Amino acid sequence: MSRLFPAAETGTPFDGALARFFASVGASLVSTPLLQRAEPYLDTAGEDLRRRIFLTRGEGGETLCLRPDFTIPVCLAHIEGDEALPRRYAYNGLVFRQRRGEAAEFRQAGIENLGDTDRARADAATLAEALTALAACGLAEAERLSITIGDQGLFEAVLKALDLPVGWQRRLIRTFGQNDLLARALETLASDRSGEVENIAPDALALAREDRLAELEALVQARMDDAGLPPNRSRSPAEIAARLAEKVRLSDTRLRGAALERLRAFLSLDCAVSEASERLRALADEHGLDLAGALAFFDARAEALAAAGVDLSTLRYRAAFGRTLDYYTGFVFEIGAPGLGEPLAGGGRYDRLVSYLGAREPIPAVGFALYLDRLPKAQKEARP
């Protein structure tokens, strides 16, 4: 379904310039079918995209959708073709998803960079190339653009430094970049949730709180035997015990005072990238957060951005900034313009996606997309 084809979809004034740009950076221009299997999107893209895609049924009953983006089909096609790495794929074609106040059928162009193990350099090249692609389309004055970056990896490092249970870390990571959802999750984390475990038997609750999983498993097995439940009815006693213990850990975890202050202080950080490293280190020192590894990578990427010709003073780092697609794992960015409420371009790193889709080994991946339908308005707004 996702096999790569030579690019055939054309139809914007920017096609020629973009084709020349893609060739200049060594990216192969390809296309993928308009009709895609829906499951990869439903499983990995997140609620924001899931509620906006167009679904249908195939003759065999399979769930299909009109292509809502290129990242997933390009990754699937790469896996199917078993191409050598690293490899860069470029695309320029139609995508379909509902957008408030804008057409649901529109064109995207971009690059997916798979297999480059120098992550800092690849992140920097992706943002630099997105800016170059916009310049090729007639938006050459970078000072007129607003560029916001974020880093989910740094957010994850903060959660780890706060020593939150893994379940809570996952829950907060899922809300990253969605400020209202993240605020509600933090409010829940700071609240008393003892009522969530009231239906757990006292003996099981005590074992779960003391992390005595072997005894908890034996207790679950005994209760199942007493109830006459056959083996393998649904989950095993070990799985049930593990889930009970996790539920208790989540309900018992309450982010109080200082810890909540640390997390909110991090999320409130908003500054030029040229100032970000110093401010992040000061925050880590003030609140006793071990972020050494994440900050070293942040610095390496900033150096790579400068080496790629990006003026760091024109980039805004927002610690709470993320993108709404769930498959992002690290560096993310959006590029906007005056007078436009929606971005002209966006992208980021999605290292776990290709493995999830079926790659035999982990493949580092980063990419960007241009929203070609928004460029004419941005050009018009940019004219004196």
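This is a predicted model: local features need pLDDT of at least 70, side-chain atom pairs count only at pLDDT 80 or more; totals for chains, interfaces and linings use all residues.

Q: Why is Thr63 called buried?
A: Its relative accessibility is 14%. Buried means under 20%, so Thr63 gets that label. As for its place, Thr63 belongs to strand E5, residues 63–66.

Q: What makes the pairing of the side chains of Thr63 and Arg57 a polar contact?
A: The two side chains come to 2.8 Å, and the cut-off for such a pair of N or O atoms is within 3.5 Å. Besides Arg57, Thr63 is in contact with Arg37, Ala38, Glu39, Leu55 and Thr56, leaving aside neighbours within four places in sequence.

Q: Why is Asn179 called partly exposed?
A: Its value is 43% relative accessibility. Buried would need under 20% and exposed over 50%, with partly exposed in between, so Asn179 falls in the middle class. Asn179 lies in helix H8, which runs over residues 179–189.

Q: Which residues does Asn179 touch, not counting those up to four places away in sequence?
A: Arg318 and Ala320. Touching here takes heavy atoms within 4.5 Å.

Q: Why is H6 described as largely enclosed by the rest of the structure?
A: Because seven of its 10 residues are buried. Those are Gln152, Leu154, Phe155, Glu156, Ala157, Val158 and Leu159.

Q: How do you know that Asp151 caps the N-terminal end of H6?
A: A side-chain oxygen of Asp151 lies 2.9 Å from the backbone nitrogen of Gly153, against a polar-contact limit of within 3.5 Å. Just after H6, Asp163 has a positive phi of about 60°.

Q: What does Phe155 touch, not counting residues up to four places away in sequence?
A: Leu172, Ile173, Phe176, Leu182, Leu263, Phe266 and Leu267.

Q: Which members of the largest nonpolar core touch the most other members?
A: Leu127, Phe155, Leu172, Phe266, Tyr317 and Ile335, out of 72 residues. Helix H5, residues 119–136, gives this core its largest share, seven residues. There's also a second, separate core of 31 residues, with Val30, Ala45, Leu325 and Val332 among them. In general, nonpolar side chains in soluble globular proteins tend to be buried together.

Q: What about the second largest pocket: which residues are closest to its centre?
A: Arg174, Asp326, Tyr327, Tyr328 and Arg352, from a lining of 19 residues. The elements giving two or more residues to that lining are the helices H2 (39–44), H6 (152–161), H7 (166–175) and H15 (353–356), and H7 has the largest share with three. The volume of the second largest pocket is about 510 Å³, and its lining divides into seven nonpolar, five polar and seven charged residues.

Definitions and conventions. Residues are numbered from 1 along each chain as its sequence is written. Side-chain values use heavy atoms; hydrogens and water are left out. Helices (H or I, at least four residues) and strands (E, at least two) are DSSP runs, numbered from the N terminus. Buried means under 20% relative accessible area, exposed over 50%, partly exposed in between (1.4 Å probe, protein chains only). A polar contact is a pair of N or O atoms within 3.5 Å; within protein, one must be able to donate a hydrogen and the other to accept it, and residues adjacent in sequence count only if both atoms are side-chain atoms. A nonpolar core is a set of buried Ala, Val, Leu, Ile, Met, Phe, Trp, Tyr and Cys residues joined through side-chain atoms within 4.5 Å. On a 1 Å grid over the protein atoms alone, a cavity is a set of points where a 1.4 Å probe fits but cannot get out, and a pocket is an open set with protein on both sides within 12 Å along at least five of seven lines; lining residues have an atom within 4 Å of a point. Grid points are joined across faces, edges and corners, and a volume is the space filled by probe spheres set on the points. Ala, Val, Leu, Ile, Met, Phe, Trp, Tyr, Cys and Pro count as nonpolar, Asp, Glu, Lys and Arg as charged, and the others, Gly among them, as polar.
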